[in-house]
Amino acid sequence: MNVAPAFDHEAYFRFRDDLLGPSRNRILTAAELCEAGRLIYGDPNGLSLYGIPAPEMEAKGIRLLGRTTIECCVDAHATAVAQAVAEVQAGLPPVEDAMIVDLFCGSGNFGHHLGERLGYPVYASELDPVVHAATRNNLDRIGSTIDLHLADYRDLIARLPPIGPHDTYAIEPPWGSAFTADGLDLTRTTPPVPEILADIRRARAGHPCLVAIKTNDKIAHDSLETSFHDATHVRTVPAHRTLPWGANMEVHVYRLDVGDRRSRT
Ligand SMILES: C[S@@+](CC[C@H](N)C(=O)[O-])C[C@H]1O[C@@H](n2cnc3c(N)ncnc32)[C@H](O)[C@@H]1O
(Lines give C-alpha, C1' and ligand atoms only; values in the text may rest on other atoms or scores of the structure.)
Protein backbone atom coordinates (compact mmCIF):
# COMPACT_ATOMS: atom_id res chain seq x y z
CA MET A 1 0.00 0.00 0.00
CA ASN A 2 1.32 3.47 -0.90
CA VAL A 3 1.30 5.86 2.05
CA ALA A 4 1.89 9.57 1.41
CA PRO A 5 4.93 10.82 3.36
CA ALA A 6 3.95 12.79 6.49
CA PHE A 7 4.37 16.52 6.04
CA ASP A 8 7.48 17.68 7.88
CA HIS A 9 6.31 21.02 9.32
CA GLU A 10 9.53 21.76 11.10
CA ALA A 11 11.75 21.11 8.07
CA TYR A 12 9.44 23.13 5.80
CA PHE A 13 9.25 26.21 8.02
CA ARG A 14 13.02 26.08 8.72
CA PHE A 15 13.71 25.92 4.98
CA ARG A 16 11.17 28.69 4.25
CA ASP A 17 12.70 30.98 6.87
CA ASP A 18 16.14 30.45 5.37
CA LEU A 19 14.97 31.12 1.78
CA LEU A 20 13.16 34.30 2.80
CA GLY A 21 16.02 35.30 5.16
CA PRO A 22 19.75 34.58 4.73
CA SER A 23 19.35 32.85 1.33
CA ARG A 24 16.94 35.46 0.00
CA ASN A 25 19.21 36.87 -2.70
CA ARG A 26 21.26 33.75 -3.41
CA ILE A 27 20.85 31.55 -6.50
CA LEU A 28 19.91 28.08 -5.22
CA THR A 29 21.87 24.98 -6.21
CA ALA A 30 20.27 22.11 -8.15
CA ALA A 31 20.08 20.05 -4.94
CA GLU A 32 18.39 22.92 -3.07
CA LEU A 33 15.82 23.39 -5.85
CA CYS A 34 14.92 19.68 -5.67
CA GLU A 35 14.73 19.90 -1.87
CA ALA A 36 12.40 22.92 -2.20
CA GLY A 37 10.16 20.93 -4.54
CA ARG A 38 10.07 18.04 -2.09
CA LEU A 39 9.41 20.15 1.02
CA ILE A 40 6.84 22.51 -0.53
CA TYR A 41 5.08 20.33 -3.10
CA GLY A 42 5.90 16.80 -1.89
CA ASP A 43 7.94 16.08 -5.05
CA PRO A 44 11.03 17.73 -6.61
CA ASN A 45 9.09 18.04 -9.89
CA GLY A 46 6.38 20.07 -8.10
CA LEU A 47 8.68 23.08 -8.23
CA SER A 48 8.37 23.73 -11.94
CA LEU A 49 8.56 27.09 -13.72
CA TYR A 50 8.28 27.91 -17.44
CA GLY A 51 7.54 24.19 -17.98
CA ILE A 52 10.91 23.22 -16.49
CA PRO A 53 10.89 21.05 -13.32
CA ALA A 54 13.50 21.61 -10.59
CA PRO A 55 15.64 18.56 -11.52
CA GLU A 56 16.18 20.06 -15.02
CA MET A 57 16.57 23.73 -14.11
CA GLU A 58 20.32 23.88 -13.68
CA ALA A 59 21.03 22.09 -16.98
CA LYS A 60 18.68 24.53 -18.75
CA GLY A 61 20.35 27.58 -17.19
CA ILE A 62 17.39 28.56 -14.99
CA ARG A 63 18.39 30.59 -11.93
CA LEU A 64 16.13 30.92 -8.92
CA LEU A 65 16.81 33.03 -5.86
CA GLY A 66 15.82 31.78 -2.41
CA ARG A 67 12.98 34.31 -2.11
CA THR A 68 11.57 33.64 -5.58
CA THR A 69 11.57 29.88 -4.92
CA ILE A 70 9.13 30.50 -2.05
CA GLU A 71 7.18 33.36 -3.64
CA CYS A 72 6.66 31.99 -7.17
CA CYS A 73 3.45 30.74 -8.75
CA VAL A 74 4.43 27.28 -10.07
CA ASP A 75 3.38 25.78 -13.41
CA ALA A 76 0.55 23.59 -12.11
CA HIS A 77 -1.16 26.55 -10.46
CA ALA A 78 -0.33 29.16 -13.12
CA THR A 79 -1.72 26.98 -15.94
CA ALA A 80 -4.95 26.34 -13.98
CA VAL A 81 -5.35 30.09 -13.43
CA ALA A 82 -4.67 30.82 -17.11
CA GLN A 83 -7.37 28.31 -18.07
CA ALA A 84 -9.84 29.94 -15.65
CA VAL A 85 -9.09 33.42 -17.06
CA ALA A 86 -9.56 32.07 -20.61
CA GLU A 87 -13.00 30.78 -19.61
CA VAL A 88 -13.92 34.10 -18.01
CA GLN A 89 -12.78 36.00 -21.11
CA ALA A 90 -14.85 33.65 -23.31
CA GLY A 91 -17.93 34.95 -21.45
CA LEU A 92 -17.07 38.58 -22.22
CA PRO A 93 -17.74 40.38 -25.50
CA PRO A 94 -15.09 39.29 -28.03
CA VAL A 95 -12.15 41.64 -28.62
CA GLU A 96 -9.40 41.91 -31.18
CA ASP A 97 -6.65 42.64 -28.74
CA ALA A 98 -5.78 42.80 -25.07
CA MET A 99 -2.77 42.84 -22.78
CA ILE A 100 -1.57 40.99 -19.72
CA VAL A 101 0.25 42.97 -17.07
CA ASP A 102 2.18 41.07 -14.37
CA LEU A 103 2.72 43.90 -11.87
CA PHE A 104 4.89 42.16 -9.23
CA CYS A 105 6.34 39.59 -11.56
CA GLY A 106 9.09 37.86 -9.50
CA SER A 107 9.88 34.83 -11.66
CA GLY A 108 7.44 36.06 -14.33
CA ASN A 109 5.88 32.60 -14.43
CA PHE A 110 2.35 33.88 -13.79
CA GLY A 111 2.56 36.22 -16.78
CA HIS A 112 4.35 33.55 -18.82
CA HIS A 113 1.43 31.11 -18.56
CA LEU A 114 -1.26 33.77 -18.95
CA GLY A 115 0.47 34.90 -22.15
CA GLU A 116 0.87 31.35 -23.51
CA ARG A 117 -2.76 30.43 -22.86
CA LEU A 118 -4.47 33.70 -23.80
CA GLY A 119 -2.22 34.70 -26.69
CA TYR A 120 -1.94 38.37 -25.71
CA PRO A 121 1.30 40.32 -25.19
CA VAL A 122 2.63 40.34 -21.63
CA TYR A 123 4.18 43.30 -19.82
CA ALA A 124 5.87 42.75 -16.47
CA SER A 125 7.45 44.90 -13.76
CA GLU A 126 9.92 43.86 -11.11
CA LEU A 127 11.44 46.44 -8.77
CA ASP A 128 14.23 44.43 -7.17
CA PRO A 129 17.34 44.46 -9.42
CA VAL A 130 18.54 41.07 -8.12
CA VAL A 131 15.20 39.37 -8.83
CA HIS A 132 14.97 41.22 -12.14
CA ALA A 133 18.44 39.98 -13.24
CA ALA A 134 17.59 36.33 -12.46
CA THR A 135 14.23 36.63 -14.25
CA ARG A 136 15.83 38.38 -17.24
CA ASN A 137 18.24 35.45 -17.50
CA ASN A 138 15.42 32.89 -17.25
CA LEU A 139 13.14 34.58 -19.78
CA ASP A 140 16.08 34.79 -22.22
CA ARG A 141 16.81 31.09 -21.67
CA ILE A 142 13.27 30.09 -22.61
CA GLY A 143 13.03 32.58 -25.48
CA SER A 144 10.16 34.48 -23.84
CA THR A 145 8.68 37.58 -25.47
CA ILE A 146 7.51 39.04 -22.12
CA ASP A 147 8.30 42.76 -22.06
CA LEU A 148 10.08 42.83 -18.67
CA HIS A 149 10.79 46.16 -16.95
CA LEU A 150 13.03 46.89 -13.98
CA ALA A 151 10.42 49.27 -12.61
CA ASP A 152 7.85 50.11 -10.01
CA TYR A 153 4.43 48.73 -11.02
CA ARG A 154 2.97 52.26 -11.00
CA ASP A 155 5.39 53.37 -13.72
CA LEU A 156 4.49 50.36 -15.86
CA ILE A 157 0.71 50.78 -15.65
CA ALA A 158 1.02 54.50 -16.31
CA ARG A 159 2.77 53.65 -19.62
CA LEU A 160 0.08 51.17 -20.73
CA PRO A 161 -3.19 52.73 -21.91
CA PRO A 162 -6.19 50.38 -21.62
CA ILE A 163 -6.90 48.18 -24.65
CA GLY A 164 -10.18 46.51 -23.70
CA PRO A 165 -12.14 44.44 -21.16
CA HIS A 166 -9.95 41.33 -21.62
CA ASP A 167 -6.92 43.23 -20.22
CA THR A 168 -5.75 41.20 -17.24
CA TYR A 169 -3.58 42.40 -14.35
CA ALA A 170 -1.77 39.84 -12.16
CA ILE A 171 -1.10 41.19 -8.69
CA GLU A 172 0.96 39.62 -5.94
CA PRO A 173 2.73 42.24 -3.83
CA PRO A 174 5.20 41.20 -1.13
CA TRP A 175 3.41 40.06 2.02
CA GLY A 176 5.93 41.01 4.72
CA SER A 177 4.06 41.85 7.93
CA ALA A 178 0.70 41.15 6.20
CA PHE A 179 1.35 37.43 6.81
CA THR A 180 0.02 37.18 10.39
CA ALA A 181 -1.08 34.38 12.71
CA ASP A 182 -4.69 35.36 11.86
CA GLY A 183 -4.00 34.89 8.15
CA LEU A 184 -2.99 37.12 5.25
CA ASP A 185 -4.13 40.72 5.68
CA LEU A 186 -4.41 42.22 2.19
CA THR A 187 -4.75 45.70 3.60
CA ARG A 188 -1.20 45.36 4.98
CA THR A 189 0.75 44.07 1.98
CA THR A 190 3.46 46.32 0.51
CA PRO A 191 1.77 48.27 -0.98
CA PRO A 192 -1.72 47.47 0.36
CA VAL A 193 -3.99 45.76 -2.18
CA PRO A 194 -6.68 48.52 -2.06
CA GLU A 195 -3.98 51.02 -3.09
CA ILE A 196 -2.88 48.83 -6.03
CA LEU A 197 -6.50 48.53 -7.20
CA ALA A 198 -6.93 52.29 -6.98
CA ASP A 199 -3.75 52.70 -9.09
CA ILE A 200 -5.12 50.29 -11.72
CA ARG A 201 -8.49 52.04 -11.83
CA ARG A 202 -6.81 55.43 -12.17
CA ALA A 203 -4.56 54.21 -15.01
CA ARG A 204 -7.60 52.78 -16.83
CA ALA A 205 -9.78 55.83 -16.38
CA GLY A 206 -12.90 53.74 -15.83
CA HIS A 207 -12.28 51.07 -18.51
CA PRO A 208 -13.16 47.58 -17.16
CA CYS A 209 -10.56 44.81 -16.84
CA LEU A 210 -9.78 41.56 -15.02
CA VAL A 211 -7.53 41.24 -11.98
CA ALA A 212 -6.00 37.99 -10.71
CA ILE A 213 -4.63 38.12 -7.18
CA LYS A 214 -2.62 35.40 -5.45
CA THR A 215 -3.22 34.88 -1.73
CA ASN A 216 -2.85 32.06 0.74
CA ASP A 217 -5.80 29.97 1.92
CA LYS A 218 -6.27 31.83 5.22
CA ILE A 219 -7.36 35.45 4.80
CA ALA A 220 -7.41 37.74 7.85
CA HIS A 221 -10.29 40.05 8.74
CA ASP A 222 -12.25 39.54 5.48
CA SER A 223 -9.52 41.64 3.89
CA LEU A 224 -10.07 40.08 0.44
CA GLU A 225 -13.75 41.10 0.52
CA THR A 226 -12.87 44.54 1.86
CA SER A 227 -10.20 45.16 -0.75
CA PHE A 228 -12.46 44.06 -3.64
CA HIS A 229 -15.73 45.46 -2.27
CA ASP A 230 -16.40 47.33 -5.51
CA ALA A 231 -15.39 44.50 -7.87
CA THR A 232 -17.11 41.30 -9.03
CA HIS A 233 -15.62 37.97 -7.99
CA VAL A 234 -15.60 35.55 -10.94
CA ARG A 235 -13.31 32.63 -9.99
CA THR A 236 -11.11 31.23 -7.26
CA VAL A 237 -8.44 28.72 -8.27
CA PRO A 238 -6.84 26.86 -5.36
CA ALA A 239 -3.41 25.31 -5.78
CA HIS A 240 -2.97 21.63 -4.96
CA ARG A 241 -2.90 21.59 -1.13
CA THR A 242 0.36 20.16 0.16
CA LEU A 243 0.99 22.44 3.14
CA PRO A 244 -0.82 23.20 6.42
CA TRP A 245 -3.81 25.58 6.39
CA GLY A 246 -2.59 29.13 5.81
CA ALA A 247 0.45 28.13 3.75
CA ASN A 248 -1.28 26.96 0.54
CA MET A 249 -1.93 29.29 -2.38
CA GLU A 250 -5.11 30.46 -4.09
CA VAL A 251 -5.69 32.83 -7.00
CA HIS A 252 -8.88 34.90 -7.09
CA VAL A 253 -10.10 36.48 -10.32
CA TYR A 254 -12.20 39.65 -10.22
CA ARG A 255 -13.78 41.92 -12.78
CA LEU A 256 -13.23 45.61 -12.20
CA ASP A 257 -16.21 47.37 -13.75
CA VAL A 258 -17.33 50.91 -13.39
CA GLY A 259 -20.65 51.01 -11.57
CA ASP A 260 -20.56 47.31 -10.63
CA ARG A 261 -20.75 47.10 -6.87
CA ARG A 262 -21.19 43.35 -6.37
CA SER A 263 -18.60 41.50 -4.32
CA ARG A 264 -17.89 37.70 -4.23
CA THR A 265 -20.66 35.76 -5.98
C1 LIG B 1 5.41 37.78 -3.99
S2 LIG B 1 6.55 38.14 -5.24
C3 LIG B 1 5.69 37.73 -6.71
C4 LIG B 1 5.99 36.35 -7.23
C5 LIG B 1 5.49 36.10 -8.63
N6 LIG B 1 4.05 36.13 -8.74
C7 LIG B 1 6.03 34.79 -9.17
O8 LIG B 1 5.23 33.96 -9.68
O9 LIG B 1 7.24 34.57 -9.12
C10 LIG B 1 6.53 39.92 -5.27
C11 LIG B 1 7.57 40.53 -6.20
O12 LIG B 1 7.25 41.90 -6.39
C13 LIG B 1 8.45 42.66 -6.39
N14 LIG B 1 8.07 44.06 -6.04
C15 LIG B 1 7.94 44.60 -4.80
N16 LIG B 1 7.50 45.88 -4.86
C17 LIG B 1 7.32 46.15 -6.19
C18 LIG B 1 6.86 47.30 -6.91
N19 LIG B 1 6.51 48.41 -6.26
N20 LIG B 1 6.79 47.23 -8.25
C21 LIG B 1 7.16 46.08 -8.92
N22 LIG B 1 7.62 44.97 -8.29
C23 LIG B 1 7.69 44.99 -6.95
C24 LIG B 1 9.32 41.95 -5.37
O25 LIG B 1 10.69 42.27 -5.57
C26 LIG B 1 8.98 40.48 -5.62
O27 LIG B 1 9.86 39.90 -6.55
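Guide: Start with a term: buried area is the accessible area that two parts lose on being put together, summed over both. The model here is predicted. Between domain 1 and domain 2 the buried area is about 1800 Å², and carbon and sulfur atoms give 56% of that.

Visitor: What are the bounds of domain 1 and domain 2, and how far apart are their C-alpha centres?

Guide: The domain assignment gives residues 9-71 to domain 1 and 75-256 to domain 2. Their C-alpha centres lie 21 Å apart. The contact between them takes 23 residues from domain 1 and 21 residues from domain 2.

Visitor: Why is the pair Asp128 and Arg67 called a salt bridge?

Guide: The term asks for a side-chain nitrogen of Lys or Arg within 4 Å of a carboxyl oxygen of Asp or Glu. In Asp128 and Arg67 the closest N and O atoms are 3.0 Å apart, so the pair meets the limit and is a salt bridge. The count between domain 1 and domain 2 is one salt bridge. Across that interface there are also eleven residue pairs in polar contact.

Visitor: Which elements supply the side of domain 1 that touches domain 2?

Guide: Helix H1 (9-20), helix H2 (30-41), strand E1 (48-49) and helix H4 (66-71) each supply at least two residues. H1 gives the most, with four residues. The residues of this side of domain 1 divide into twelve nonpolar, six polar and five charged.

Visitor: Which residues come nearest to the ligand?

Guide: Of the 19 residues around the ligand, Cys73, Ser107, Glu126, Tyr153 and Glu172 come nearest.

Visitor: Where is Lys218, and what does its side chain reach?

Guide: Lys218 is in the loop between strand E9 (209-216) and helix H10 (223-227). Its side chain reaches the backbone oxygen of Ala181 at 2.9 Å. Leaving out residues up to four places away in sequence, Lys218 touches several others, among them Asp182, Leu184 and Trp245. Arg201 is 17 residues from Lys218 in sequence, and their C-alpha atoms are 27 Å apart.

Visitor: Why are Tyr50 and Pro191 worth a mention?

Guide: Most residues other than glycine have a negative phi, and most peptide bonds are trans. Tyr50 is not a glycine, yet its phi is positive, about 55°. Tyr50 lies in the loop between E1 and strand E2 (52-53). Thr190 and Pro191 are joined by a cis peptide bond, with omega about -5°. Pro191 is in the loop between strand E8 (183-184) and helix H9 (193-204).

Terms used
Residues are numbered from 1 along each chain as its sequence is written. This is a predicted model: local features need pLDDT of at least 70, side-chain atom pairs count only at pLDDT 80 or more; totals for chains, interfaces and linings use all residues. Side-chain values use heavy atoms; hydrogens and water are left out. Domain bounds come from an automatic or database domain assignment. Contact means heavy atoms within 4.5 Å. Buried area is the accessible area (1.4 Å probe) that two parts lose on being put together, summed over both. A polar contact is a pair of N or O atoms within 3.5 Å; within protein, one must be able to donate a hydrogen and the other to accept it, and residues adjacent in sequence count only if both atoms are side-chain atoms. Ala, Val, Leu, Ile, Met, Phe, Trp, Tyr, Cys and Pro count as nonpolar, Asp, Glu, Lys and Arg as charged, and the others, Gly among them, as polar. A residue is near a molecule or strand if one of its heavy atoms lies within 4 Å of it.
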